[in-house]
Amino acid sequence: MTASRDVLVVGGGPAGLSAAARLAAAGLGVTLVDEQPELGGQYYRRPSPAVLREHGDHRPEGGRLIAHVRSLGVDCLTGHLVWGVDDDGRTLLATGPDGTPVRLRARHVIVATGAYERTHPFPGWQLPGVTTPGFAQHLAAADGTPPGRRVLVAGSGPFLLPVACSLLAAGADVVGVAEAGHPYRPSLRAAPALRHPARLRELAGYVARLARARVPLWQGRVVNGAAGGDRVTSVTLAATVDPGRPLRTLDVDALCVGYGFRPQTELARLLGCEISADAVTGDAEPVTDAFGRTSRPGVYVVGEAAGVGGVHRARVRGAMAAAHILLREGSPAAPGPREIARLAAQGRALTRFTAMSDALYPSPARLQEVLAATLDDDTIVCRCEAVTAAAVRSAAAERAGGDLNAAKSWSRAGMGPCQGRFCGFAVAGLVRDAAEAPPAGGARCGVPVFPARQPVRPVPVETLLALGEQDGGDG
Amino acid sequence: MSAQTADVVVIGAGVLGGAAAFHLALGGHRVIVLDRGAPGREGSGTTAGNLHVQAVHTRRPGQEVPLDSARFLPLQRAASDRWNSVEAELEASVELRRSGGFTIAETPEQRAELIAKHAWEERAGIRTEVLDGDGARAALPLLGPTVTAATWCPLDGYANPLLTTPAYLAAAVRHGARLHPFCPVRAVERSGSGWRVTAGDLTVEAPHVVDVAGPWLGEIAALAGIGLRMTPVAIQMHVTVRLPETLRYLVQHIGEGLSVKQVTAGNLLIGGGWPALRLDPDGRSPVSLSSVLGNVAQAARVLPFVRDLRLLRTWAGPLAATPDEMPVIGEVPGAPGFLVAGGTYAFTFAPLWGETLRCLVEGKPAPVDVRDLGPDRLLEPAAPAAPYEEAR
């Protein structure tokens, strides 16, 4: 089956929903495709019916936006995994919930694939009970179930606070929040935040909630290791400035640890969009302008996939891409110059807020350096292929000459079913740490990310055979 | 910077460069190996790692001329023998596995080809056995109902290319070779009776240059003012998720581009030379979906258990093909001391070509007669030599 529309939006989170709503309201034919059985993405993920009945909707605006998009007649292909790009470089390949292959074509493609959580390994990170903050948030907010009774929340970034609050709401005892940086203290760097009172109120609300529950907030601390048998029973914290030396041990039965988010760019890269390394985060990001336009005509990247910036910025970016498409289509419903200027100003303000917020927390590139340098040799880094830090280090130093993809080849790190989504950040850090200074005149892979390969996720051979049969032959 | 001196400059740190550097360094030559990027990252890092011992006269999809199978076989026999000693010589595991392989046929014409191929193999001293469809399925019950005949060769096998090239390079370095990755060659000039090679901020003078630059073989030769007709292409590979040990043998197709085997890690590797979307000499060549679908469909037809697997990843890599599909190895006429080696099946031939290149440098008889495989047949008027960056 081939669906051909005016606009194809990949990803039903805040950015994708905002773009789809605006485009459909202007009368364009929009297909919105999402891997999950329900729209919403990670941020607007719908709670289970039981949780809705008991606790209500923690993010009602998400439910309203989804209902609005559906009421506008957007063709919503939920449960569809987009895994590749056809030989024309434009048609997307997806698999439906029953394994049926679908080709998706449109004049304009909006990539709103979101972000991955940024994980970093430590001894014991594979123990049951160790989760990412995002997963814990999902369990707590959408299912009303915390990942354990005594939980430590650790890592870095503003997201740790709402996660700790959700865990409290779901009935967990949060033993503490350990933040790698020192964002929560009066500082001149925080002064620009005063221009964003709504954001500050939100933050103050989380801090107050944690204080009421007497949850300690430790700053400048990282997880040094976890221990346990059948599941995690204790966690050791260390100072961020000296992550190899344990400072204190906490008894827990769950640990939620993560260092924020990194853009999910595989689809944008398979579409041929130029990417570059972000100066602050070091993450590979598609090169986009204010409208989300990429180096590929007709391909837009918006939301976290274009650079992590939070829900408000994601929604504005989605709206900006929609505005540009409406202008290009000559739609009578296209926004006028004043509305464009207003949206752009909003986008710029939120971009400044992101930069300010980023500056309060340790930069991921710096964390990557610190954590990689002190990572224990025996720790498994790539869980899919069981590759240790020592193996990545020796591959990087002896054979790869500092080339990330060569280090993958020589160590197998990143070759398993997750294709480096979990270990990519850590492997890149280990390779960077192990590599000598680049030789003069030497050319080197400049982007700190594994190459994007299709299928983006493993695809059943049966699906490929069915796709080949659609083409009218057996290949 | 003043020029260094060496006995041999090897250009290209792929499997051929590694093998040549190893054999030369072992022979006491001072060897410098240069590569534009990380070692073993192009054809040698993207190949499937098949050891082709029985005749391979099938064509890749898009391949215009068949190679000369009968001429190829004595070379394959010699290459096969050398693989037996590779792990001992290199003091490293390359996951070498000689568990044999099947070449299958599905049509009467393909069956006739199998029988003809078997006769050439006998003459070359390569033991193979012809089986009918049921005989093939008795030997390998995984084969599907469309298989009407097969040849079995106990010598076919596999080595892990991701271990082989590093092992060759490491052994070469142990014997004194110097390896310079991320050091693109910018100039190759005559200097006295030898050559001067400029790469990165390095200048090396040496009586011999060995151009084993794979898909860039022709471009490196052009820097030296030598015109060589090469026809590099990009081909793609497909790998499934891991599965328990299921397929111990290499399975190939006589009439279509198809090779399937299970690697040591457990993944099933499906290849056969299907073309990538295009050859991108500066990055990773993009894969073609129609080649994915075609190659995977063949594999699932010949080996029906493939239907139940999941495809994990695809990738493409360059293949340093020649217009006549035969290997090229030898000194360039009119350019004394400038040797080239390359062409398809370079992985299978690497141990043999490494030893052969050492003999050619030393002016000694090669272990196999390669006089008809020299670059003279590929010579053409040289294009004006462009600086390396522009040549790319």
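**Labels and their cut-offs**

Guide: A side-chain oxygen of Asp403(A) comes to within 2.9 Å of the backbone nitrogen of Asn405(A), at the start of H12(A). This is a predicted model, in which local features need pLDDT of at least 70, side-chain atom pairs count only at pLDDT 80 or more, and totals for chains, interfaces and linings use all residues. Residues are numbered from 1 along each chain as its sequence is written, chains are lettered from A and ligands numbered from 1 in the order in which they are written, and side-chain values use heavy atoms, with hydrogens and water left out.

Visitor: What makes H12(A) largely enclosed by the rest of the structure?

Guide: Buried means under 20% relative accessible area, with exposed over 50% and partly exposed in between (1.4 Å probe, protein chains only). Eight of the eight residues of helix H12 (residues 404-411) of chain A are buried, so the helix is largely enclosed. Among them are Lys408(A) and Trp410(A). Helices here are DSSP runs of H or I with at least four residues, and strands are runs of E with at least two, numbered from the N terminus. Just after H12(A), Arg412(A) has a positive phi of about 75°.

Visitor: Why is Gln110(B) called buried?

Guide: Its relative accessibility is 10%, so Gln110(B) counts as buried. The residue belongs to helix H5 (residues 108-124) of chain B.

Visitor: What does the side chain of Gln110(B) reach?

Guide: The side chain of Gln110(B) reaches the backbone nitrogen of Glu106(B) at 2.6 Å. A polar contact is a pair of N or O atoms within 3.5 Å; within protein, one must be able to donate a hydrogen and the other to accept it, and residues adjacent in sequence count only if both atoms are side-chain atoms.

Visitor: Where is the kink in H10(B) centred?

Guide: The kink in helix H10 (residues 346-362) of chain B is centred on Leu352(B) and amounts to about 45°. The bend at a residue is the angle between axes fitted to the seven residues ending there and the seven starting there. H10(B) is mostly covered, with 13 of its 17 residues buried.
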